[in-house]
Amino acid sequence: MPQALSCPSMFTPGGFSPHLHPSKEGEHDSLIFQDGNLISASLEALIQHLVPTVDYYPEKGYIFAFLLSSRLFIDPHELLSKVCHLCIEQQRLNDPVPDKARIRKFGPKLLQLLTEWTETFPHDFQDERMVDQLTDMFHRIASCDEIYWKKMNQLLQGLSQKLKTLHQGDESIVRTNASVSEKSISFKSKSPSIHTRDILTVCNDPYTLAQQLTHIELERLSLIGPEEFVQAFAHKDPLDSTKPCFKDTKKTRHLEAYVKWFNRLCYLVATEICMPAKKKQRAQVIEFYIDVARECFNIGNFNSLMAVISGMNMTPVSRLKKTWAKVKTAKFFVLEHQMDPTSNFYNYRTALRGAAHRALMAHSNREKIVIPFFSLLIKDIYFLNEGCTNRLPNGHVNFEKFVELAKQVGEFITWKQVECPFEQDRNIIRYLHTAPVFTEDDLYLASYESESPENQPEKDRWKSLRGQIGFAAPDESYLMGEGPKMALFIVKVADP
């Protein structure tokens, strides 16, 4: 099966390779370079610069950066159409008697470009028009040499497998969401007669749970295409008033599903902590998740680490002072310090750089694992997008911006390609995906039932929440911390 491009190798610390320079006649006036790096050009010039010839092939960093950013200005199927048209025109592929010697020199370069496109941006080829154009170009060059038929079939088979994997991933997400949305959860404050399945009955080893969380993270990351980072913040091209903004919810569905997974894990952690009736049990669950978070940090799974910490820092959990008093919090404070948002998450970014360096030097998949705090990655890309214009005043594409964007996204691609080295436990993963979780209101209600409200706003909210689910408002003695606790109630699951 074809291997995808290793994107960090595309770039030097200063941008493109210093060897990048205009390589085709007539490009000097339309491609603007500074210190050897391409910084701006017209869209047409950038498209022309992508097209290989007999003696020219675009630098890999350029291919990735342009294919990534071009969708802000032109749909992928239109870009491929233009590329194919230029190839046919420049190589005279429509001639009644094609120059086979010339095509044999040009063919490998075209094949390489199309291979890089299909491997790095397979989502583009979910559009049948893309596949049709791809097949047409292969037929034009394959007639000159039988070896191209074999290479064409290999490429198409690899693409088909990638698209099949993406489709299976989509179906898995749909099934998981449907399974969760149909469930409800029972909560009982004091009575031990009804036992609810919780994480400790499914997995009581923090390292094992951290491994299974890493399985889920890498599986979901693998579905996210690099183009989703661009399409998430797409705006209408000001120079093209005929087209609506290239914005389609389907184009970012894997990215959005991954963000939902993070939110689900936050709520699952908070639910597991708020659900037990006794302080000792709640404290035990908190200490367990602290250990899980520490193992996630050691693995390099920063996204699950942040989700677990966020769940424990949700107000319904953090207000449980009597519970926290029974917890050994030293390890928790260390982890909080690592993910402290102060100075734009300086501590986390330092740890991430360390993990990334370890991954570059690694000899095993275990050492290659780097799962970034995804919401912060999205935030960084958002501010890069908003802080720099796509077009310069002269109408040129601000390609310097897209080189920086390609660096950030290219590193992510390398991380998401790592194969998880841990043995999969389907029972644990099924629980993490489908265990019902409390809504925010239900978390507050469970929290108040565990430890009575301490101030008037909390008391007012408690009364309101009980009223919403049909309970009588507690009397004054109850609000003072006296009287019996509530009986069984049913809470609907939050959206995953």
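1. Which residues form one aromatic cluster? The members are F262, F297, F302, F345, Y348 and F373. Rings of Phe, Tyr and Trp (its six-membered ring) pair if their centres lie within 6.5 Å, and the structure holds 21 aromatic pairs.

2. This is a predicted model, in which local features need pLDDT of at least 70, side-chain atom pairs count only at pLDDT 80 or more, and totals for chains, interfaces and linings use all residues. Residues are numbered from 1 along each chain as its sequence is written, and side-chain values use heavy atoms, leaving out hydrogens and water.

3. Y62 and F66 both sit in helix α2, four residues apart, about one turn of the helix. Their ring centres are 5.8 Å apart and their planes at 5°, so the pair is stacked (planes under 30 degrees apart; over 60 is edge-to-face and the rest tilted). Both Y62 and F66 are buried (under 20% relative accessible area, with a 1.4 Å probe and protein chains only).

4. In helix α21 (residues 440-450), Y444 and Y448 are likewise four residues apart. The centres of their rings lie 6.0 Å apart with the planes at 40°, so this pair is tilted. Y444 counts as buried at 10% relative accessibility, and Y448 is buried at 3%.

5. Helix α12 (residues 302-313) is mostly covered, with 10 of its 12 residues buried. Among them are F302, N303 and M312. Helices here are DSSP runs (H or I, at least four residues), numbered from the N terminus.

Definitions and conventions. Buried means under 20% relative accessible area, exposed over 50%, partly exposed in between (1.4 Å probe, protein chains only). Helices (H or I, at least four residues) and strands (E, at least two) are DSSP runs, numbered from the N terminus.
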